[in-house]
Amino acid sequence: MTAIDDLTEGPDSEHLLEVGAESPAMPEVVFDVEELSVYYGDFQAVQDASLQVHEHEITAFIGPSGCGKTTLLRCFNRMNDLIETARVTGSLRYHGVDLYDSKVDAVEVRRRIGMVFQKPNPFPKSIRANVEYGPKVAGLAKKGPAMDDIVENSLRKAALWDEVKDRLDDNALGLSGGQQQRLCIARAIATDPDVLLMDEPCSALDPIATTRIEELMHGLKDDYSIVIVTHNMQQAARVSDRTAFFSVNVNPESDTRTGILVEYDSTQQMFSNPSDERTENYVTGRFG
Amino acid sequence: METPDSVPGSLSLAALAGSPRRVRKERLISRVMFCAALVSVVVSALIIYALFSEAWIFMRDVDWSSTWGELGWFPRRGIYDMPTLLVASLWTTLIAMIVAAPLGMGAAIYLSEYARPTDRAILKPILEILAGIPSVVLGFFALLWLAPNVVAHIGGEGGRGSMLTAGIGVGILTVPLVASISEDAMAAVPKSLREASAGLGARNAVTTVRVVLPAAVSGLVASLIVAVSRALGETMVVFMAGGAADAAIRTYSPYDGSLTMPSAMASLASGTDQVVGEGLTFQSLFFVGLVLFLLTLGLNLVGDRFVNRVREQY
């Protein structure tokens with residue numbers, strides 16, 4: 001069941017039938033999540049989530065606090081491995097490969113799937129050193145013109161180049177919060193990943209910096225597939241192509257809270273005509 | 001609760017004055033605590049005064065040629081060759097650091113970056129026990145176990161003490177110190193930086209070397225400075241395992257026995273009736289103490305600087 005096999009065609013074609021009616025040319029599936037559950041020790045954080053993330057789209061995860069959206073996102077680059085007690089069941093395929101196969105090395109996964117965190121977390125090094133870190137660690141380039149190109153291109157893509165090109169050797173901690181977050185985006189795309197995972201990337205930023213990051217995401221969509229977790233429904237509505245709404249199930253016996261995926265559809269559908277009542281309540285602000 | 005008497009205009013001063021008895025009590029407690037704090041300041045000042053006053057007599061009366069370029073440290077014969085003690089202090093401290101730096105830092109890196117919580121829960125208390133072992137016990141251990149089982153295999157003699165034996169013993173003594181200060185420094189590095197590094201596809205070792213250690217560097221340096229200062233001042237282990245009793249010939253070989261500054265002081269002080277008498281023998285003890293005091297004070301000041309820098313950064 002965990003072997004890397006060819007079963008991916010099944011769910012893919014099924015999905016084509018399902019959503020094909022509204023968008024005739026379906027992009028490739030990047031992540032295929034099936035019945036995924038995540039546990040921290042005995043505590044179940046996410047229960048049986050199933051969804052597909054498509055190439056060159058922005059997929060948003062929304063929902064109230066504690067609904068497991070960040071936990072699920074952190075499965076996508078095996079970041080949950082850093083937590084000793086975390087355990088995953090179900091299947092999570094990345095371009096058809098089971099990410100939790102025993103042969104898969106989490107380090108290789110993270111080189112293809114970049115991550116931007118909730119709070120800007122640049123290294124206390126120079127701006128240049130921050131961007132160079134990933135390529136150096138992965139052995140993509142050595143110091144020199146090739147590395148300089150990577151630094152410039154990454155910073156340009158993150159819309160930060162013009163602001164920092166004259167002070168690349170200054171400490172990154174001297175940048176503003178919004179600039180630091182764009183630097184973190186530049187750092188993530190410097191390793192030339194396939195996917196960008198963003199965990200509430202604007203939650204620590206002011207509205208102007210937030211707008212800049214949102215604009216940036218529209219441009220990044222051409223090169224990367226993006227999954228973003230956000231508390232902010234308006235943000236999901238503004239930037240994403242698809243939205244997954246998560247909610248919390250409270251188990252009355254053990255009084256534990258488990259995150260569940262309620263509904264997953266195109267963002268337009270989710271916000272204008274959701275099929276689940278809970279989604280409707282959430283997006284109209286009656287709950288959460 | 002908007003009743004008419006709670007309107008600010010009708011509030012009397014007496015209502016806010018508080019109980020005079022409690023105010024007096026509080027003032028008394030504050031004074032008692034101040035006195036307690038003052039005692040430690042006064043004691044420190046007295047120590048420095050005693051040190052300086054006796055050392056001053058030595059510095060005033062001594063024939064300075066007897067403190068440099070002599071055969072060795074023979075305080076009871078009026079020969080106070082300082083290089084003998086300085087060389088011995090330098091050797092034992094250096095050897096101690098060669099032992100303590102890799103072991104202490106290694107333990108810190110393991111505890112902070114690699115150990116699972118269960119392993120940590122076992123290892124950390126063991127390190128703390130090591131830190132609490134009296135140095136006289138470690139002195140015996142150095143003499144009776146390290147000398148025949150370790151020093152004898154690296155060119156030394158197993159049957160007696162030497163600077164090498166003492167140095168290794170002091171090194172073991174300072175391992176917990178290096179480990180705990182280094183681990184604190186590494187633990188102060190935010191988890192978000194480790195996540196950032198892991199998210200970029202860095203393995204644990206790469207994250208440790210490229211992110212955690214550079215971010216913690218001032219704490220690591222501080223741990224070494226504090227350990228050096230501890231090793232310089234360590235008395236009992238060197239006194240017991242250093243291979244010299246109350247006098248020493250100047251030697252540059254760590255395989256020989258010698259006296260460090262504190263062990264020379266301890267040996268002088270241990271036979272009180274003999275110390276007094278021979279000219280400045282008694283005062284030389286304070287002079288050595290002063291040199292040691294100034295050295296460790298300087299090191300501690302530098303160490304504090306580094307420790308403070310760790311606190312400032314995050």
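## Crossing of α5(B) and α6(B)

In this predicted model, α5(B) and α6(B) cross in a right-handed sense; a crossing counts as left-handed if the near helix is turned anticlockwise from the far one by less than a right angle, and as right-handed if clockwise. Helix α5 spans residues 135–149 of chain B and helix α6 spans residues 163–187 of chain B; their axes lie 9 Å apart at an angle of about 130 degrees. Axes are lines fitted to C-alpha atoms, for helices over the stretch in contact, and angles run from 0 to 180 degrees between N-to-C directions. The angle therefore makes α5(B) oblique to α6(B), given that angles under 35 degrees count as roughly parallel, over 145 as roughly antiparallel, 65 to 115 as roughly perpendicular and the rest as oblique. Helices (H or I, at least four residues) and strands (E, at least two) are DSSP runs, numbered from the N terminus.

On the α5(B) side, the contact includes Leu138(B), Phe141(B), Leu143(B) and Leu146(B). Among the α6(B) residues in the contact are Ile168(B), Gly169(B), Ile172(B) and Leu173(B). Contact requires that C-beta atoms, placed from the backbone, lie within 7 Å. By class, the residues of the α5(B)–α6(B) contact are 10 nonpolar, four polar and no charged. Ala, Val, Leu, Ile, Met, Phe, Trp, Tyr, Cys and Pro count as nonpolar, Asp, Glu, Lys and Arg as charged, and the others, Gly among them, as polar.

## Packing of α7(B) and α8(B)

The axes of α7(B) and α8(B) are 10 Å apart, and the packing angle is about 155 degrees. That angle makes α7(B) roughly antiparallel to α8(B). The crossing of α7(B) and α8(B) is right-handed.

Leu193(B), Arg194(B), Ser197(B) and Ala198(B) of α7(B) meet Thr207(B), Val211(B), Val212(B) and Ala215(B) of α8(B). The residues of this α7(B)–α8(B) contact comprise five nonpolar, two polar and one charged.

## Interface between the chains

Chain B gives 15 residues to the contact with chain A, and chain A gives 20 residues. On the chain B side, α7 (191–199) and α8 (204–215) each supply at least two residues. The largest share of that side, six residues, belongs to α7(B). The side of chain B that touches chain A has nine nonpolar, three polar and three charged residues.

## Domains of chain B

Chain B has domain 1 (4–61) and domain 2 (65–313), with bounds from an automatic or database domain assignment. Taken over C-alpha atoms, the centres of domain 1 and domain 2 of chain B are 37 Å apart. Each of these domains of chain B contributes eight residues to the contact. The side of domain 1 of chain B that touches domain 2 of chain B has six nonpolar, no polar and two charged residues.

## Confidence and conventions

The model scores ipTM 0.85 and pTM 0.81. Mean pLDDT (the predictor's confidence in each residue, from 0 to 100) is 87 for chain A, where 90% of residues reach 70 or more. For chain B, the mean pLDDT is 88, and 93% of residues reach 70 or more. In chain A, the lowest confidence is in helix α1 (residues 9–19), at a mean of 42, and the highest in strand β8 (residues 225–229), at 96. In chain B, the lowest is in helix α12 (residues 272–275), at a mean of 53, and the highest in helix α3 (residues 82–114), at 95. Residues 1–23 of chain A stay under 50 in pLDDT, and the model has 17 contacts for them beyond four places in sequence. Where pLDDT is low, the predicted coordinates should not be read in detail.

Residues are numbered from 1 along each chain as its sequence is written, while chains are lettered from A and ligands numbered from 1 in the order in which they are written. In this predicted model, local features need pLDDT of at least 70 and side-chain atom pairs count only at pLDDT 80 or more, whereas totals for chains, interfaces and linings use all residues.

Technical notes. Two residues are in contact if their C-beta atoms, placed from the backbone, lie within 7 Å.
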